Amino acid sequence: MKLLIRNGTLVDPVCGIGGVMDILIEDGVIVMIGNNVEESDALVLDARGLCVCAGLIDMHVHLRDPGLTYKEDILTGSAAAAHGGFTSIACMPNTVPTIDSPETIRYVKDRAAENCGVHVWPIGALSRGERGEEITDARALKKAGAVAISDGGMPVMNANLMRDALLRAHRNKLTVLSHCEDDNMVRGRSVNEGRVSRQLGLPGRPAIAEELMVMRDAMLAEETRTAVHICHVSTANSVNIIRQYKRRGVRITCETCPQYFIFTHEEILRQGTLAKVNPPLRNTKDRAGILAGLKDGTIDCIVTDHAPHSTEEKAKPLTEAPAGMVGLETSLALALTWLYHTGEMSLADIIQKMTIDPAKILGIRRGSLALGAPADITIFDPDEKWTIDPDQFVSKARNTPFGGMEVQGRVRYTIADGNIIYQA
């Protein structure tokens, strides 16, 4: 099959491609980029007035499959990804059973082969059952198809076990993704420690609980020379620590999510459990620090931490409801609205953090519009305004604090391996 994308404005931070051009795709591969490309037997897609970039990549997604499929499953999560412009997603291992064996890795890959065409990259558990007691077989997980290892939303409290896991990951050329919070300081606590927690009369999750673990894992990354990726950074001081270690040449990368550069913990007072996430929404100073880290390159990736929960679960009291929000169908629009249209970041810088940078960290051959590259492509209107309506999501879940928000920027086409898998 041949597909010709005509007159799109190309955005490719890798190859430096810009301007209005055509892209010819044949057999799932980009074979030509230029002006006035002609191919008589190709399906023509008119992208005039639209931006064309490599398919978006989200390296932090919870698909809840196997075992928790009333929240989400691999097929519905993949469909949500396609609607949001994502052609690749990496799924966390906190399922039932945990993705901690070659068999569960193969289950994910087999199930993903039935989806709409989105590439699903499994992340294997760092410890058996994510209990932090016994290290998994990193070599076997990688051989089965894992692209990284992590205990997902569970912090690895045992520093010696973490160090051993990093050494094994280094030998197998795997990146370790780390949820950085000291569990002893945050267990059972729902909101950031500060004015809001005091107003609600609740014990708070202190910022230092994240920052201590970021520092520990940065030190371990330096000592073991292992690639460590810090998940969903939420505090200004965490950004400062990572910035310092990057300058020292340590193999440390990190990510953040739209909620951390858009909201503060004040949102808890307005939206309750819909704004409950781990780590929690922080204060104005932390939000500014996250934005600074995005702008200076300290923060490598924008991810969703897509965390589906049922309506019944989120209706529980704040101290009992699970943490997390869905994000695959809104992430690009939120980034464009709050970073691009505000003038904080260039379009190319935003796209880099949602394509090639996560691809590099995971070691997958995606994220570029280069000739010969797989034809994973996202086409979007950067200026179209629309209102987020959770009832229109294709995800099984509706737990988002962004419902009713007007945003600017909308996905029009998602193409994976040369096939149109979503069209608005």
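User: Which residue in β11 is the bridge partner of Ser150?

Analyst: The bridge partner of Ser150 in β11 is Leu177. Strands here are DSSP runs of E with at least two residues, helices are runs of H or I with at least four residues, and both are numbered from the N terminus. Two strands pair if DSSP finds at least two bridges between them. Strand β10 (residues 148-150) and strand β11 (residues 175-178) pair in the parallel sense over three bridges. Please note that this is a predicted model, in which local features need pLDDT of at least 70, side-chain atom pairs count only at pLDDT 80 or more, and totals for chains, interfaces and linings use all residues. Residues are numbered from 1 along each chain as its sequence is written, and side-chain values use heavy atoms, with hydrogens and water left out.

User: What is the strand order of the open sheet?

Analyst: The six strands follow the order β9-β10-β11-β14-β15-β16, with parallel pairing. At the edges stand β9 (124-125) and β16 (301-302), each with a single partner strand, so one side of each has no neighbour in the sheet.

User: Which strand does β18 join, and in what sense do they run?

Analyst: Strand β18 (residues 406-416) is joined by four bridges to strand β19 (residues 419-423), and the two run antiparallel. Tyr413 has Gln423 in β19 as its bridge partner. The two strands form a hairpin with two residues between them, and Asp417 in the turn has a positive phi of about 50°.

User: Is His232 buried or exposed?

Analyst: Buried means under 20% relative accessible area, exposed over 50%, and partly exposed in between (1.4 Å probe, protein chains only). His232 is buried, with a relative accessible area of 3%. Asn7, found in strand β1, is partly exposed at 23%. Met1 counts as exposed at 53% relative accessibility.

User: Where is Thr98 found, and which residues does Thr98 touch?

Analyst: Thr98 is in the loop between β7 (86-91) and α2 (102-112). Contact means heavy atoms within 4.5 Å. Leaving out residues up to four places away in sequence, Thr98 touches Pro93, Thr104, Ala125, Gly129 and Glu130.
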